[in-house]
Amino acid sequence: MKPSPAALEALLNGTHADPFALLGIHEGPGGAFARAVLPGAETAEAHSLAGEVPDETFLGTLTRIDERGLFEGVVKGPRQPVKYRCTAQSAGGAHEWWLTDAYSFGPVLGPLDDFLINEGTHLRLFDKLGAHVIEHEGARGVHFAVWAPNAELVSVVGDFNDWDGRRHPMRRRADIGVWEVFLPDIEPGRAYKYRVVGPGGALQPLKADPFAFRSELRPATASVIDAPDVHAWGDADHRAHWAATDPRRVPISIYEVHPGSWQKPGDGREFYSWDELADRLIPYVVEMGFTHIEFLPVSEHPFDPSWGYQTTGLFAPSARFGEPEGFARFVDGAHRAGVCVLIDWVPAHFPVDAHGLSRFDGTYLYEHADPRLGFHPDWQTAIYNFGRREVSSFLVNNALFWAERYHVDGLRVDAVASMLYRDYSRKDGEWIPNAEGGRENWEAVGFLQAMNRAVYASHAGFLTVAEESTSWPGVTFPTDAAGPPRGGLGFGFKWNMGFMHDTLAYMARDAVHRRYHHDEITFGLMYAFSENFVLPLSHDEVVHGKGSLLGKMSGVDAWQKFANLRAYYGLMWGYPGKKLLFMGQEFAQGREWSEARGLDWEQLDIPEHAGVQRWVKDLNHAYRTLPALHQRDCEGEGFEWLVVDDAAASVFAWARRAPGVPTVVVVSNMTPTLHGHYRLPFPQDGRWREALNSDAGIYGGSGQGNLGGVTAQDGAAMVVLPPLATMMFVFEG
């Protein structure tokens, strides 16, 4: 049936909602019939995809019926994908070009995709949505697919079609609200966006692809067609090792890194590439003895001072550091060196930049419509609608994507507390209770459980770590645990924010006042084994006017400040729980961190800073080589107080133990007073080697100690406790 003039006019104007009904090859009473929009062409011939020799592939001549480039004609043979030879006059004569017809190809997605997408259970969405270079029905090109269920029309625009929304409108899969089109002859590296016409014909700002695997470098915001993944991974041994490991019972010492400011190139460029970072960062982490690198978010984000926590491209490693393949090479190189890579992940909220997810199809699609549910007052961002199955599936697939595509070893999930409570940072009247009248966000709970189930089921050895600052029960319990309400959240570990808060408050106090705040150290052991904890001294503690860790330490002079910091690190490495230290704090950077500059590496020329760096290196070595310090990090049987009540002297001592290995005794003197004959209880009589002493001269201390060790008799020994120092003794028998 010949289309109406109005339909053809809509087609040429780029407003027809079903271009595949008019364009491409269609069966008709006189045989196959072709219709195409070929802008700039004066004549056109249809050919099969077999080649460009007209006498072998010629199917028919098309007639131009509209000066804007609309051609029609009967063609030979069955319905099939075709290419057109187009000609037009130019100043030097006839100009000829070939164009493969996108509208002569069938859909790429199938009924199973429809079923799983509609259910919200598709765990391979990143293989289906977004832009993928594929072979389809005899042609090589790019398949685009995007979820926009309330849109009236979606088109692909890019540098391959002059950003013209009339050129490539997409096919709508009405049952699932996904729009797709296969565009032949397009190669990786081309920039693109989606032109979305919302309900009532409301044209949205051009949208980046939610599933874009590569993006332009800010301030540009287009998505970029990425090449297929061809990296040859060499990390099988690393992954097999962690797949067979209980992470609670091995050393985990995490070096938290902002990749844009760890070091700066110094040659006028803003950032090192991933390959350059690999050459510098990986050997340093190995030398320092850290087991894990944790990157602040590496996903694409437009605003540098957000540090990546306001991401607009969850599936795209930031273009700041080069092509995505470079990140794969970094992770592979770290794995080959025995170092794990974690990334910070932000499923709690997203920025409202016009090119992002906000009102993506002209409606509140990824976010809630009601700002009491859908807008975050702290960060001025949108909150994901966790109760919508397609949104939950989008986020679960993103977690799976990083595990599969880039082999990352785990995710540290940002701002979990903001997800769990509907009244988070809200006053009365600014939030909506749940169906039971409570403040719990059960939709977010369901999403977090689904995410953890998915990644742990499909990627053995993977870790998820929750930044959760409240006492929500069962964060690291299995999702089917009976104790917590509606089951545990299923995380592997949780940041121990209480440890960080209490101990830093203690270390900031003048030594003469610490006796009155003894519980700021001891209280944490009341709950230290209620979850699987990571002890975090993160970037959040050294920004926004908080100063550096060194600056937080009390002390009448620089010596005392450095001594306090060394003693604090010793206490932390001897305390039950995995360790996390933000970059620069391993050498006691004096300035507050800023993403705009590199770390103050020149401070390592100062002996006090170099001493702290050596101390952290030796702590990591001891933590890794003394099993008692890590094998029972998450279990109460591995800890015993030896001195818990000596507030007057501000002394703490405890034993760390594990089955079949030497016990370690940790003791801290948090005053500047030297205790020359302190009676210290020991859990066993015999010789105890002084394995570590933060007051040693090589670290910048005063050199006080116990001449290599002590001998315990009748359950105790007289020891020297250096001023503002932590020591560790290892039982030798």
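This is a dialogue on how to read several features of one predicted model.

Colleague: What should I keep in mind about numbering and confidence?

Modeller: Residues are numbered from 1 along each chain as its sequence is written, and side-chain values use heavy atoms, with hydrogens and water left out. This is a predicted model, in which local features need pLDDT of at least 70 and side-chain atom pairs count only at pLDDT 80 or more, whereas totals for chains, interfaces and linings use all residues.

Colleague: Which residues of the largest nonpolar core touch the most other members?

Modeller: A nonpolar core is a set of buried Ala, Val, Leu, Ile, Met, Phe, Trp, Tyr and Cys residues joined through side-chain atoms within 4.5 Å; buried means under 20% relative accessible area, exposed over 50%, and partly exposed in between, with a 1.4 Å probe and protein chains only. Here the largest such core has 181 residues, and Phe144, Tyr255, Phe295 and Tyr569 touch the most other members. The most is given to this core by helix α9 (residues 389–405), with nine residues, where helices (H or I, at least four residues) and strands (E, at least two) are DSSP runs numbered from the N terminus. Another core, of 20 residues, lies apart from it and includes Leu642, Val643, Trp688 and Val710.

Colleague: Which residues lie on each side of strand β24, and how is β24 joined to β23?

Modeller: In a regular strand the side chains alternate between the two faces of the sheet. In β24 (residues 463–466), Leu463 and Val465 are on one side and Thr464 and Ala466 on the other, and all of them are buried, so that both faces are covered. Two strands pair if DSSP finds at least two bridges between them; strand β23 (residues 410–413) is joined to β24 by four bridges, and the two run parallel, with Gly410 having Leu463 as its bridge partner. Strand β25 (residues 493–495) is also parallel to β24, joined to it by two bridges, and there Ala466 stands opposite Lys494.

Colleague: How many salt bridges are there, and which residues are linked in a network?

Modeller: A salt bridge is a side-chain nitrogen of Lys or Arg within 4 Å of a carboxyl oxygen of Asp or Glu, and by this rule the count comes to 44. A network of salt bridges links Arg218, Glu270, Glu300, Asp304 and Arg320. Within it, Asp304 meets Arg218 at 2.8 Å, N to O; because Asp304 lies in the loop between β17 (299–300) and β18 (313–317), and Arg218 in the loop between β13 (191–197) and β14 (223–224), this pair ties together parts that are 86 residues apart in sequence. Asp304 also forms a salt bridge with Arg320, with the closest N and O atoms 2.6 Å apart, and Arg320 lies in the loop between β18 and α7 (324–336), 16 residues apart from Asp304.

Colleague: Is Asp304 buried or partly exposed, and what of the two arginines?

Modeller: Asp304 is partly exposed, at a relative accessible area of 22%, whereas Arg218 is buried at 15% and Arg320 is buried at 7%.

Colleague: What does Arg412 contact through its charged end?

Modeller: A charge sits over a ring if NZ of Lys or CZ of Arg is within 6 Å of the ring centre and within 35 degrees of the ring normal. The charged end of Arg412 sits over the ring of Trp495, 4.2 Å from its centre, and the side chain of Arg412 also meets that of Asp414 in a salt bridge of 2.9 Å, N to O. Arg412 counts as buried at 0% relative accessibility, and Asp414 counts as buried at 8%.

Colleague: How should I read an aromatic pair, such as that of Trp307 and Trp593?

Modeller: A pair of aromatic rings is described by the distance of the centres and the angle of the planes. Rings of Phe, Tyr and Trp (its six-membered ring) pair if their centres lie within 6.5 Å, and planes under 30 degrees apart count as stacked, over 60 as edge-to-face and the rest as tilted; the count comes to 54 aromatic pairs. Trp307 and Trp593 form a tilted pair, 5.1 Å centre to centre with 55° between the planes; these residues are 286 residues apart, and both are buried. Tyr569 and Trp573 form an edge-to-face pair, 6.1 Å centre to centre with 70° between the planes, and are separated by about one helical turn because they are four residues apart in helix α15 (residues 558–574).
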